[in-house]
Amino acid sequence: MDIEQKQAELIEYFVKQAETHKGSSLSSIIIEATSHPSLFAFSEILSVPNVVELEGTESSVYLDVLRLFAHGTWSEYKSNAGRLPGLVPDQVLKLKQLTVLTLAETNKVLPYDQLMQELDVVNVRELEDFLINECMYAGIVRGKLDQLRRCFEVQFAAGRDLRPGQLGSMIQTLTNWLGTSDNLLLTIQEKIKWADTMSESDKKHKREVEERLEEVKKTLSLKADVDFRGLEETYFEPGGVMDYEEDRSRPKRERHPIS
């Protein structure tokens, strides 16, 4: 079963659980959801009316925990730990995994020093073990560990839940991208049209050159034929060249000695 299908089934399960519980009984549902090793999306659970109704009640801290797992990071939890319930180890692991996804949203090259600070990891070996065993093997990220440059090069990272107000920004980004894509497509079409025109022009020019070459060949052939016939008339027709026998029969002029 792929990750997306597994996510969809888990979301459906926890949404149904949240719909059948109210008040403080939702706390156990929220803890279970945020501890599950295969669940990384929580916006659907957050939108369940029974969960929304926790706002302003004694159990509202669990609503805050759910919001933290939907949009926050490990550093944010540490900053607000005094007013939030303590996390179980599975929740700590999950929140650190989500922190890596958040960092990968804005930067595809994550320095080891930044990761160690954000994840409370004390050395490179521990960091690389975490990235390999808890992130890449889990299928939420793919990338390359560069020990020489001390960084993690992200090739893929699963998306997190959209933060409040982030949808408008994303729509604008997609709109801009669509406009850029349309302009690029138009440019490509113009280049193709230009290339087709040049190709036809080249073909026409080639045909003209070939035709002119044939004309030159014909002209040269005709001229050579005319010249050859002229030579035949000069050297081979009667009277064209003095006959040898005629030359022998003519009297020789007497030469007088020089005195």
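Mentor: Start with a definition: buried means under 20% relative accessible area, exposed over 50% and partly exposed in between, with a 1.4 Å probe and protein chains only. This is a predicted model, where local features need pLDDT of at least 70, side-chain atom pairs count only at pLDDT 80 or more, and totals for chains, interfaces and linings use all residues. Residues are numbered from 1 along each chain as its sequence is written, and side-chain values use heavy atoms, with hydrogens and water left out.

Trainee: Is W74 buried or exposed?

Mentor: The cut-off for buried is under 20% relative accessible area. W74 has 10% relative accessibility, so W74 counts as buried.

Trainee: How many aromatic pairs does the structure hold?

Mentor: Rings of Phe, Tyr and Trp (its six-membered ring) pair if their centres lie within 6.5 Å; planes under 30 degrees apart count as stacked, over 60 as edge-to-face and the rest as tilted. By that rule, the number of aromatic pairs in the structure is 3.

Trainee: Which class does the pair of F42 and F69 belong to?

Mentor: The ring centres of F42 and F69 are 6.1 Å apart. Their planes stand at 75°, so the pair is edge-to-face.

Trainee: What is the relative accessible area of Y77?

Mentor: Y77 forms a stacked aromatic pair with W74, at 5.6 Å centre to centre and 25° between the planes. Y77 is buried, and its relative accessible area is 9%.

Trainee: Which residue lies over the face of W74?

Mentor: A charge sits over a ring if NZ of Lys or CZ of Arg is within 6 Å of the ring centre and within 35 degrees of the ring normal. At 5.2 Å from the ring centre of W74, the residue over its face is K96.
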